[in-house]
Amino acid sequence: MKIKIRLQLSAVLVICLISAIGLTLIFMSQQENEALEQQNAANEILESAFELNILTGDYFLHPEERAQMQWYLKHGSLSELLMGLELNLDVQSILNKILQNNEDIESIFSQLVASYKGQEITGQESEIRAILVAQLSAKLFDMVSDAKLLSKGAQESVTIAVRMTSLLIMIFGIVIAAGIGLNSFFLISSIAKPVATLHHGVEMIEKGNLDYKVGTSARDEIGQLSRSFDQMTLSLSEEITERKKAQDELQNAHDALEIRVAKRTKELHDANVRLKELDRLKGTFISSMSHELRTPLNSIIGFTGIMLQGMVGELTEEQRKQLTIVKKNGDHLLELITDVIDVSRIEANQMKLDIKKFDLADMMRDVRDSFKIATDEKDLKLIMKVPEELTVESDKRRMKQIIMNFVSNAVKFTDEGTIQMHVVERDGVVEVSVKDTGIGIRKEDLNMLFKQFSRIPEEGRHFETGTGLGLYVSKKVSDLIGGKVKVESTYGVGSEFTFTFPLRYGKAMR
Amino acid sequence: MKTILLVEDNGSNMYLITFILEKNGYNVLQAFRGEEGVKIALKEKLDLILMDIQLPDIDGFEATKRIRASDAPKMPIIAITSYAMAGDEEKALRLGFTGYLRKPINPTTFLQEIEKYLPVVAV
């Protein structure tokens with residue numbers, strides 16, 4: 001049964017019981033009224049009987065019209081009262097007896113009146129009258145006692161009614177109390193117990209036992225609540241299972257990924273180790289190549305050199321010419337090997353710098369001196385403007401390599417005119433420029449200059465030797481020592497190569 | 001006559017340098033291996049040593065170290081090599097060489113360099 005209905009039932013029960021008490025009270029007061037009416041009637045009957053008795057005596061002593069009239073008047077009102085009475089059946093016999101006596105007294109009083117109509121008063125007559133009065137009195141006393149009976153009965157029924165009322169109120173009270181008590185008890189137990197069960201269920205679920213079922217089968221609201229709760233737990237449990245599954249899958253995926261990452265890392269590490277080994281081998285290879293290629297060349301250049309110097313003996317003109325060609329080619333080959341080795345070192349990141357302080361002006365003079373023969377041969381003017389002394393901290397050999405490359409190119413591509421070498425130092429930046437009055441470079445060819453093995457084809461200059469690596473190496477070496485190489489050229493007028501670098505290696509140029 | 005020890009594993013170069021030196025009035029002792037060079041250096045009375053760096057047994061650095069470790073602290077030992085990497089010259093000088101010559105040799109400058117290291121003897 002639903003709690004709502006139970007509560008409604010409780011209220012209905014209370015209303016019913018209160019109504020019953022009310023009805024009882026109304027019924028009892030009615031009873032009382034009747035009893036009261038009966039008593040009043042009895043009193044009036046009693047009074048009338050007494051008055052009629054007195055009036056009878058009065059008439060007996062003074063048999064006058066007035067007394068007669070008074071008596072009938074009284075009797076009339078008594079008869080009226082008696083006729084109007086509606087009493088309980090249990091007192092009806094008493095009333096009937098009173099009514100009977102009432103008729104009797106009238107007939108007796110009529111005989112008394114009749115006895116006075118003869119006008120003659122004899123002894124016999126007065127005796128008869130005395131008997132009639134006595135009879136009448138007896139009847140009246142009979143009526144009085146009956147009236148007393150009625151009064152007594154009325155009193156009794158009032159007492160009974162009061163007792164009944166109290167008893168009924170008491171009984172109803174008990175019944176109400178018991179009814180409300182029982183209903184409340186059942187109500188409370190039907191709420192409290194399932195609530196406690198539900199509470200236990202909540203606690204169980206709070207502890208994580210999602211499989212717990214409250215399982216109340218009651219069909220009331222709490223039953224519904226617990227079923228909803230179980231349904232919710234079930235959904236929750238399913239949801240959690242689902243999530244756990246998803247989480248497991250995620251974890252598995254994560255683990256798999258971790259394993260894969262670890263594998264890849266190891267592979268990478270191994271590859272790195274192999275690469276490092278390869279790098280080392282490459283370095284070793286470059287340095288042995290360098291040595292192995294130079295050694296035979298040293299002999300070739302060396303022997304041709306001593307022969308050309310006449311150490312071995314006098315040479316014919318043709319022998320000198322041919323030995324000169326051998327020497328020139330040997331020199332070119334050595335240059336080529338040096339450049340190729342440099343390129344390999346640069347590209348294998350094996351180029352090591354040797355940084356120390358040196359006088360750049362001194363080095364520039366060395367460079368100029370080493371080109372003296374070549375410029376003299378071509379009848380070129382070689383002008384140099386450098387400070388008296390300029391201390392630079394960098395890789396001297398690499399720097400010299402770059403400047404030599406510039407000057408050598410200038411000499412190679414200038415047929416007449418001047419080659420100017422300038423050194424300027426400003427704010428920690430050194431600028432070395434080599435300017436010639438040579439053939440110049442076409443604008444479209446300028447960007448090819450610093451690329452490897454790039455030789456710009458120029459009509460009529462097939463005999464120029466060159467590795468095609470010089471400027472490429474210069475550019476790379478310049479990058480390594482933190483410098484910049486730059487070219488400006490006008491085709492047919494001349495070129496200017498500029499190399500700028502920080503006075504101290506490692507300082508950034510502004 | 002000045003005596004020069006030449007330690008060089010390449011026959012052609014050995015011949016070339018020996019030829020230049022002898023032509024210019026030097027007495028040349030030859031060693032093709034490092035240990036052999038050390039042995040001669042400790043035994044003979046020398047004026048100068050020309051030492052190749054890359055040698056088949058012990059390298060020029062090790063040979064020089066051994067010679068210096070004995071009783072020849074002031075002996076001029078000149079490295080003569082095509083072993084030309086950054087910092088090699090510095091390393092050579094640090095490890096006991098007196099001088100450093102790069103191959104290929106130029107006969108004229110080569111002789112000038114050698115004379116620079118030879119102690120001047122009053123005639």
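1. K327(A) is partly exposed, with a relative accessible area of 25% (buried is under 20%, exposed over 50% and partly exposed in between, with a 1.4 Å probe and protein chains only). Its side chain meets that of D331(A) in a salt bridge, N to O 3.2 Å (a side-chain nitrogen of Lys or Arg within 4 Å of a carboxyl oxygen of Asp or Glu). Both residues lie in helix α6 (residues 317-347) of chain A, 4 residues apart, about one turn of the helix (helices are DSSP runs of H or I with at least four residues, strands runs of E with at least two, numbered from the N terminus). D331(A) is partly exposed at 33%.

2. The model is predicted: local features need pLDDT of at least 70 and side-chain atom pairs 80 or more, whereas totals for chains, interfaces and linings use all residues. Side-chain values use heavy atoms, without hydrogens and water, residues are numbered from 1 along each chain as its sequence is written, and chains are lettered from A and ligands numbered from 1 in the order written.

3. A salt bridge of 3.0 Å, N to O, joins E51(A) and K74(A). E51(A) lies in helix α1 (residues 3-61) and K74(A) in helix α2 (residues 65-84) of chain A, so the pair ties together parts 23 residues apart in sequence.

4. K378(A) and D415(A) form a salt bridge, with the closest N and O atoms 3.8 Å apart. This pair links helix α8 (residues 372-378) to the loop between α9 (396-413) and β4 (418-426) of chain A, 37 residues apart.

5. The count over all chains is 23 salt bridges.
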